[in-house]
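Q: Hi! Could you walk me through this model?
A: Happy to, here it comes.

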Amino acid sequence: MSPAQLKGKCKAQDYEDLDPVLTYRHILQNNLGTRDPLRVVALCDSDAFYAACEMVRLGVTDKPLVVLQWEGIIAVNYPARKFGITRFHKLKDAKERCPELIIIHVATYKEGEAEPGYWDNIDSKTHKVSLDYYRRESAKVLAMFKEGLPDAEIEKASIDEAFIDFTQPVRQTLIQRYPYLSQIPPDAPNGADTPLPPPPPLNWGTDSHLIPINPAVDSESNTVETSAPLTWHDVALQIASEMMHKVRVDIATKLGYTTSAGIARNKFLAKLCASYRKPYSQTILRNQAIPCYLKPLEFQKIRFLGGKLGEALAKEYDVSTVADLLFVCIDHPVVEELQSKFGESAVWVYEIFRGIDRSEVKEKPAVNKSMLAAKALQKPITRIADGPHWIRVLAAELSLRLNDARRERPNLWPKTLVLHASHGYGNARSKQAPFPFTRDVTVDIVAAAGGKLWKELVGNVAGPFKISNLSLGFSGIEVTDASQQSIANFLANPSVVAGKKRPREENGNLPERPHRDTPPARSRPSSPTSIGQNTTSFTCSECHKTISLSSKLLSSTSDVRERAQAFAAMKDEHSDFHFAQSVAREVEPEVKYVDSSKKVKSSKTHRKDNGPKGIEKFFNRT
């Protein structure tokens, strides 16, 4: 059946949810989620962000500038785009188009430096690209979103993008501006399910571009076609546009970065219209404008439809635009056919082409569970002696990123350090070990731990090997207890370990503990039990014993503060007991590796001596 035949069998109305009936219940309820008919979402995108960061750093305002990563252009500012320069141009071509072009290479790490810099004579064979400056500036922009929109849900989408769900703050403003919406009229025929009265006339202002409902209408005039009456969702969009504009102006004023935003009823549409009038603009997509905006789009340019699924749909039905595929009707047998061929993706395609997106805006966890510094080596490592150079370069990036994160959360602690090496897409191998808690994480500390893993990874290989990808990363990053201390600090005070005092040197200091293992964090007892309002006992999560205040103490005082102090001291004493035991044991964890088959194996596994072992086995393929 041809697309034309299928179109003829479809419903006349392709978009059925553009103007839902809004009731007082919709206004007064706050838990409708992604199906809220008053939902408003924005996508705010920093304009040419890497180039903008370099312009701010150098104090450049309106001069053409590009950012390089080795030989490739990765960012082009808007003055340079006027010369026709794009990221796909070679540097030579870009210079010919604009002889006055400012060319900046991204900062790089090099061995012996704790911070990335803008060095002369950089070489991909010895340096590593750093994006840390851009991450820091991105964090400043995100912080201004949170400061300026405290009641909105904000999700960082990438280093230069953020989704903002305005639904809650817009609803609050809506009720403040139109208080009659907060009370169900006494004569409402259907109570809370009574439709809302028509909205008042709306002034869209000049801060936003309106995508036209009828493409024949010039959107620059920001006029609203009379064929589409105003809705309360239009009012919600307008309120969100005011909030979005204010934050964008603040970012440009205080940080120097211009941004562009798209405002619509969901994430998909907001992202789609954010680039409508770049740079430094914002665009509103009203519900009634969705059909004419979506239909002409080449559907393979839509996210998740540019790959195999989009190719399969184009080939199966010989179509290219959203309008071509709108023949897919939910009550038509073709949907069953699509589902049999494309699975649940068929339903997603049906909805996305009609502007329906049920994905939530979710703030990401404040603490990333992992950090990774990786390098694709232009010149592969073929000698054991070449490894420490790159270990130290990667360690510089890891220590910098962890210390940056600790400025906001001083007690961040990565539990594990992982070294991963591979050649191409196969022959991967990893080593990992616990990482000691320390207040001051330096390049030397990370490099020393990484160097130890490198020695364990390569062993004493006599034969040739090749490593083309190397990475060093932290995993299991958590926020420790505020009282967490390093092993050095803990042992700096007189203490008893396993019933014996550790001997002191002649100068009175404790001898340095060998860097053989990493003590676990001091465990904190849990599960307090209360009698009345006074906490008197707890169950330790490590030894599972219930520890209680003595009956003598309980009978001698009824003061709540004294009992609380005694209880806290008892918990700390029990925690110190377990910590001292762990120090006394000094057992090095068994090292594990991951081979190319992804099976975790113990390093103590017995193998038959019938061929190359260790890294020689994994990397001697050239």
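**Helices, a buried residue and confidence**

A: Helix α8 covers residues 232-254, which is 23 residues, and spans 34 Å from its first C-alpha to its last, close to the 33 Å expected at 1.5 Å a residue. Helices here are DSSP runs of H or I, at least four residues, numbered from the N terminus, and the expected span is 1.5 Å times one less than the number of residues. This is a predicted model, where local features need pLDDT of at least 70, side-chain atom pairs count only at pLDDT 80 or more, and totals for chains, interfaces and linings use all residues. Residues are numbered from 1 along each chain as its sequence is written, and side-chain values use heavy atoms, leaving out hydrogens and water.

Q: What follows α8?
A: Gly256 does, with a positive phi near 85°.

Q: Switching topic, where does Ile290 lie, and is Ile290 buried or exposed?
A: Ile290 lies in helix α10, residues 290-294. Ile290 is buried, at a relative accessible area of 0% (buried is under 20%, exposed over 50%, partly exposed in between, with a 1.4 Å probe and protein chains only).

Q: Which residues does Ile290 touch, beyond those up to four places away in sequence?
A: Among them are Tyr15, Leu18, Arg265 and Gly355, where contact means heavy atoms within 4.5 Å. Ile290 and Gly355 are 65 residues apart in sequence but 6.7 Å apart in space, C-alpha to C-alpha.

Q: And what's the mean pLDDT?
A: The protein's mean is 80, and 74% of its residues reach 70 or more; pLDDT is the predictor's confidence in each residue, from 0 to 100. Over residues 583-608 the pLDDT is below 50, though that stretch has 46 contacts in the model beyond near neighbours in sequence. Where pLDDT is low, predicted coordinates should not be read in detail.

Technical notes
Helices (H or I, at least four residues) and strands (E, at least two) are DSSP runs, numbered from the N terminus.
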